[in-house]
Amino acid sequence: NAPFWFQIYTLTDDDYNRKVLERARAAGCSALVITVDLQLLGQRHKDLKNGLTAPPKFTLPVMMDLATKWRWGLEMLGTKRRFFGNIVGHVETAGDPSSLASWTAEKFDQALNWDRIKKLMDMWGGKVILKGILSPEDAEMAAATGADAIVVSNHGGRQLDGALSSIRVLPSIVSAVGDKTEVWLDSGIRSGQDVLKALALGAKGVMIGRAYIHGLGAMGEPGVTRALEVIQKELDISMALCGEKRIEDLGRHNLLIPNGFFDTY
């Protein structure tokens, strides 16, 4: 019964976009998250090094890795939800993992612009968050387009090697949009202290990716709960050691910031 959001990548197939948004509304999604930094897949060096493919190729290194995680492997073999259910069965040409990967790669909207984002927002008709903002100029455009919130994110550093970190550009974006829209932070949150730093620099909240994925992979749902509990405890203790009792009281006075750290714009 808790509110939840639906995240969508910007695809060129509007027939699919409309269908999936209708299903999201029917499921009770309270907001739409439009990812704006994935017009095409970046050259993800770790994926290339590790040989990550969809579906996976059973090479010798992969088989050796799986042999050390046999319990997890058996659990994966027993589940029916190994594919992207949002696409398989709803797109005629994407009926298996291989065709799914090809269809998705072909359908990324490489001509994405603000008019296109506005069209998707109108198609949804509800609250919208734009994820993948890294500059004050784009933040101002997002606010002018009517976004209810923006997420400062470099996609976990996976899209463009050498991109600025989210925390580094956060203050300039908060200054640019002020109270026009909410500002959240994504990418790099690994601990409660990371959460404290983001909140102290003006973020209204943070998104947690890898920490919960690691918990999910290790222990399933209890692992996700445990990962969140660890981060919450770290945040609580860090706030206490900073002499703060309330999230609302966090600010730059809690941080020692290196000279020139924010001199990027």
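A salt bridge here is a side-chain nitrogen of Lys or Arg within 4 Å of a carboxyl oxygen of Asp or Glu. This is a predicted model, in which local features need pLDDT of at least 70, side-chain atom pairs count only at pLDDT 80 or more, and totals for chains, interfaces and linings use all residues. Residues are numbered from 1 along each chain as its sequence is written, and side-chain values use heavy atoms, with hydrogens and water left out.

**Salt bridges**

- Side chains of opposite charge can pair when their charged atoms come close.
- Searching the whole structure turns up ten salt bridges.
- One of them joins D14 to K119, with 3.0 Å between the closest N and O atoms.
- D14 sits in helix α1 (residues 14–26) and K119 in helix α6 (residues 114–124), so this pair ties together parts that are 105 residues apart in sequence. Helices (H or I, at least four residues) and strands (E, at least two) are DSSP runs, numbered from the N terminus.
- D14 is buried at 14% relative accessible area, while K119 is partly exposed at 38%. Buried means under 20% relative accessible area, exposed over 50%, and partly exposed in between (1.4 Å probe, protein chains only).
- D14 and K119 also belong to a network of salt bridges that links them with D109 and R116.
- K69 and D65 form another salt bridge, at 2.6 Å from N to O. K69 is partly exposed at 39%, and D65 is partly exposed at 41%.
- R226 and E229 pair as well, their closest N and O atoms being 3.9 Å apart. Both lie in helix α11 (residues 221–241), three residues apart, about one turn of the helix.

**Strand β5 and its neighbours**

- Strand β4 (residues 149–152) runs parallel to β5, and four bridges join them; two strands pair if DSSP finds at least two bridges between them. Here V152 stands opposite L185.
- From β4 the chain passes through helix α8 (residues 166–177) to β5 in a right-handed β-α-β crossover. Right-handed means that, with the strands pointing away from the viewer, the path from the first strand over the helix to the second runs clockwise.
- β5 also pairs with strand β6 (residues 205–206) in the parallel sense, over two bridges, and V206 is the bridge partner of L185 in β6.
- The crossover from β5 through helix α9 (residues 192–200) to β6 is right-handed.
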